[in-house]
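This report describes the fold, the packing and selected side-chain contacts of one protein chain. The sequence and the structure come first, and the description follows.

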Amino acid sequence: MKQCIPSVRSILLILVLAAAVPTAAAEKLPPIWGYGVQSCKAFVTAADGREQGADLHDWEYRRYQDWLTGFVTGLNLATGKDVLVGADIDSAMKRIQAHCRGNEQEDFFTAAMDLVRMLSGLR
């Protein structure tokens with residue numbers, strides 16, 4: 001008897017497609033876990049503290065970086081392409097930081113997804 005266990009690729013593809021759903025349907029999206037739910041303001045605070053040499057902020061910044069690494073890896077696997085189109089994680093973090101400075105009310109996931117959409121054309 002064959003079990004119906006969804007593959008990781010199928011689940012990630014569903015998440016990518018769910019992220020593309022218009023804002024009106026956002027209430028029906030599955031939950032986002034980890035540092036993706038943190039505010040841009042909190043991320044900018046961590047990034048600024050890291051730049052000033054604060055160890056605690058460095059650790060906090062690395063948590064955002066780890067979350068982004070997993071997120072991008074999942075999207076790459078789900079879509080079968082490099083969603084950062086050759087950019088590295090450090091560059092992506094700097095771009096997200098710049099975006100977050102002007103949009104502190106957004107969450108880190110939204111800033112990351114905006115970058116992915118801009119670079120890869122995902123909708």
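## Fold and contacts

In this predicted model, 70% of the contacts between residues at least 6 apart in sequence join residues at least 24 apart. The secondary structure consists of five helices and zero strands, and the order along the sequence is α-α-α-α-α. Of the 123 residues of the protein, 33% count as buried.

## The nonpolar core

In soluble globular proteins, nonpolar side chains tend to be buried together. Here the largest nonpolar core has 26 residues. Phe 43, Leu 68, Phe 71, Ile 96, Phe 108 and Val 116 are the residues with the most contacts inside this core. Helices H2, H3, H4 and H5 each supply at least two of the core residues.

Phe 43 shows how such a residue is surrounded. Leaving aside neighbours within four places in sequence, Phe 43 is in contact with Tyr 61, Tyr 64, Met 93, Ile 96, Gln 97, Cys 100 and Phe 108.

## Aromatic pairs

A pair of aromatic rings is described by the distance of the centres and the angle of the planes. The whole structure contains nine aromatic pairs. In the pair of Phe 71 and Phe 109, the ring centres are 5.5 Å apart and the planes stand at 75°, so the arrangement is edge-to-face; the angle has to be over 60 degrees for that class. Phe 71 belongs to helix H3 (residues 55-79) and Phe 109 to helix H5 (residues 108-120), so the pair ties together parts that are 38 residues apart in sequence. Phe 71 has a relative accessibility of 16% and counts as buried. Phe 109 is also buried, at 16%.

One aromatic cluster is formed by Tyr 35, Phe 43, Tyr 61, Tyr 64, Trp 67, Phe 71, Phe 108 and Phe 109.

## Helix H4

Helix H4 covers residues 89-102, which makes 14 residues. From its first C-alpha to its last, H4 reaches 20 Å, close to the 20 Å expected at 1.5 Å a residue. The buried residues in H4 are Ala 92, Met 93, Ile 96, Gln 97 and Cys 100. Seen down the helix axis, these buried residues fall within an arc of 140°, so they line one face of H4. The cover over them includes helix H2 (40-51), H3 and H5. On the face turned away from the buried side, H4 carries the exposed residues Lys 94, Ala 98 and Gly 102.

A polar contact of 3.2 Å joins the side chain of Gln 97 to that of Glu 51. Beyond neighbours within four places in sequence, Gln 97 is in contact with Phe 43, Val 44, Ala 47, Asp 48 and Glu 51.

With neighbours within four places in sequence left aside, Arg 95 is in contact with Leu 115, Met 118 and Leu 119. The C-alpha atoms of Arg 95 and Leu 115 are 7.5 Å apart, although the two residues are 20 residues apart in sequence.

## Helix H5 and its end

H5 has 13 residues and reaches 18 Å from first C-alpha to last, close to the 18 Å expected at 1.5 Å a residue. Its buried residues are Phe 108, Phe 109, Ala 111, Ala 112, Met 113, Leu 115, Val 116, Arg 117 and Ser 120.

Ser 120 lies in H5 and, at 14% relative accessibility, counts as buried. A polar atom of the Ser 120 side chain lies 2.7 Å from the backbone oxygen of Val 116. Not counting residues up to four places away in sequence, Ser 120 touches Lys 81, Val 83 and Val 85. Just after H5, Gly 121 takes a positive phi of about 80°.

## Accessibility of selected residues

The table gathers accessibility values for residues discussed above.

| Residue | Relative accessibility | Class |
|---|---|---|
| Phe 71 | 16% | buried |
| Phe 109 | 16% | buried |
| Ser 120 | 14% | buried |

Note on methods
Residues are numbered from 1 along each chain as its sequence is written. Side-chain values use heavy atoms; hydrogens and water are left out. Rings of Phe, Tyr and Trp (its six-membered ring) pair if their centres lie within 6.5 Å; planes under 30 degrees apart count as stacked, over 60 as edge-to-face and the rest as tilted. Helices (H or I, at least four residues) and strands (E, at least two) are DSSP runs, numbered from the N terminus. Buried means under 20% relative accessible area, exposed over 50%, partly exposed in between (1.4 Å probe, protein chains only). The expected span of a helix is 1.5 Å times one less than its number of residues. The arc is that of the directions from the helix axis to the C-beta atoms. Contact means heavy atoms within 4.5 Å. A polar contact is a pair of N or O atoms within 3.5 Å; within protein, one must be able to donate a hydrogen and the other to accept it, and residues adjacent in sequence count only if both atoms are side-chain atoms. A nonpolar core is a set of buried Ala, Val, Leu, Ile, Met, Phe, Trp, Tyr and Cys residues joined through side-chain atoms within 4.5 Å.
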